[in-house]
Amino acid sequence: MIKKDIQYFKERLEKEKKILEDELKTVGQKKGGKTATWEATSGGMEVDTADENEVADKLEELEENGLILEQLEKQLTEVRAALERIANDTYGKCEISGEPIERERLEAIPSATTCIKHMK
Ligand SMILES: [Zn+2]
């Protein structure tokens with residue numbers, strides 16, 4: 001892949017990373033330091049003052065946020081891995097066959113790890 005293309009996908013991935021991190025902040029909070037994982041939040045519950053219905057709602061919201069969070073975290077991991085491959089100069093190669101990944105596939109999913117033939 002030529003440098004210009006690498007740069008193009010790098011920018012797309014960095015943009016995506018930023019969006020994912022922003023979305024993560026709306027459903028969770030980071031816990032821990034640099035290797036932080038995310039924890040779902042429900043937008044501030046005060047158990048003392050909340051009535052039973054409110055608690056149930058909040059728990060439901062928390063559960064939903066947990067699922068969203070899981071998805072976002074997974075995507076973020078994939079985007080980070082793709083950026084790492086760019087840094088290691090292995091970006092755009094199918095991890096199964098080692099062949100170049102089709103341009104159109106990378107356009108659709110810049111963090112793709114396999115070519116169209118080997119995608120699940
Ligand atoms: Zn392949």
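Reader: What pattern does the chain follow, read along the sequence?
Author: In this predicted model, the order of elements along the sequence is α-β-β-α-α. That comes from three helices and two strands.

Reader: Which residues of α2 are buried, and what do they pack against?
Author: Among them are Leu-69, Leu-72, Leu-76, Val-79 and Leu-83. The buried residues of α2 pack against α1 (3-27), β1 (28-31) and β2 (37-40).

Reader: Why is Ala-82 called buried?
Author: Buried means under 20% relative accessible area. Ala-82 has 0%, so it is buried. This residue is in helix α2.

Reader: Which residues is Ala-82 in contact with, leaving aside its neighbours within four places in sequence?
Author: Leaving those neighbours aside, Ala-82 is in contact with Leu-13, Tyr-91, Pro-110 and Ser-111. Of these, Pro-110 is 28 residues from Ala-82 in sequence, while their C-alpha atoms are 7.7 Å apart in space.

Reader: Is Ile-19 buried, partly exposed or exposed, and how do you know?
Author: Ile-19 has 45% relative accessibility, so it counts as partly exposed. Ile-19 is found in helix α1. Its C-alpha atom is separated by 9.9 Å from that of Leu-72, which is 53 residues away along the chain.

Reader: What share of the chain is buried?
Author: Of the 120 residues in the chain, 28% are buried. The chain exposes about 8,600 Å², and carbon and sulfur atoms supply 50% of that area.

Reader: Which protein atoms are the donors of the zinc ion?
Author: They are the SG atom of Cys-94, the OG atom of Ser-97, the SG atom of Cys-115 and the ND1 atom of His-118. Their distances from the zinc ion are 1.9 to 2.6 Å, and the cut-off for a donor here is 2.8 Å. In sequence the donor residues are spaced C-x2-S-x17-C-x2-H.

Reader: Why is the arrangement around the zinc ion called tetrahedral?
Author: Four donors count as tetrahedral if all angles lie between 85 and 135 degrees. The four donor atoms around the zinc ion subtend angles of 87 to 124 degrees, so the arrangement is tetrahedral. Ideal angles for four tetrahedral donors are 109.5 degrees.

Reader: How many disulfides does the structure hold?
Author: It holds zero. A disulfide is a covalent bond between the sulfur atoms of two cysteines.

Reader: What is the phi of Asp-89, and where is its place?
Author: Asp-89 has a positive phi of about 65 degrees, although Asp-89 is not a glycine. Its place is in the loop between α2 (52-87) and α3 (103-108).

Reader: Why is Asp-89 called exposed?
Author: Exposed means over 50% relative accessible area. Asp-89 has 61%, so the label is exposed.

Note on methods: Residues are numbered from 1 along each chain as its sequence is written. This is a predicted model: local features need pLDDT of at least 70, side-chain atom pairs count only at pLDDT 80 or more; totals for chains, interfaces and linings use all residues. Side-chain values use heavy atoms; hydrogens and water are left out. Donors are N, O and S atoms within 2.8 Å of the metal (3.2 Å for Na, K and Ca); water is not among the atoms, so sites may look incomplete. Four donors count as tetrahedral if all angles lie between 85 and 135 degrees; four count as square planar and six as octahedral if opposite donors are over 155 degrees apart and all others between 65 and 115; anything else is irregular. Helices (H or I, at least four residues) and strands (E, at least two) are DSSP runs, numbered from the N terminus. Buried means under 20% relative accessible area, exposed over 50%, partly exposed in between (1.4 Å probe, protein chains only). A disulfide is a pair of cysteine sulfur atoms within 2.5 Å. Accessible areas come from the Shrake-Rupley method with a 1.4 Å probe; for residues, only the protein chains shown count as cover. Contact means heavy atoms within 4.5 Å.
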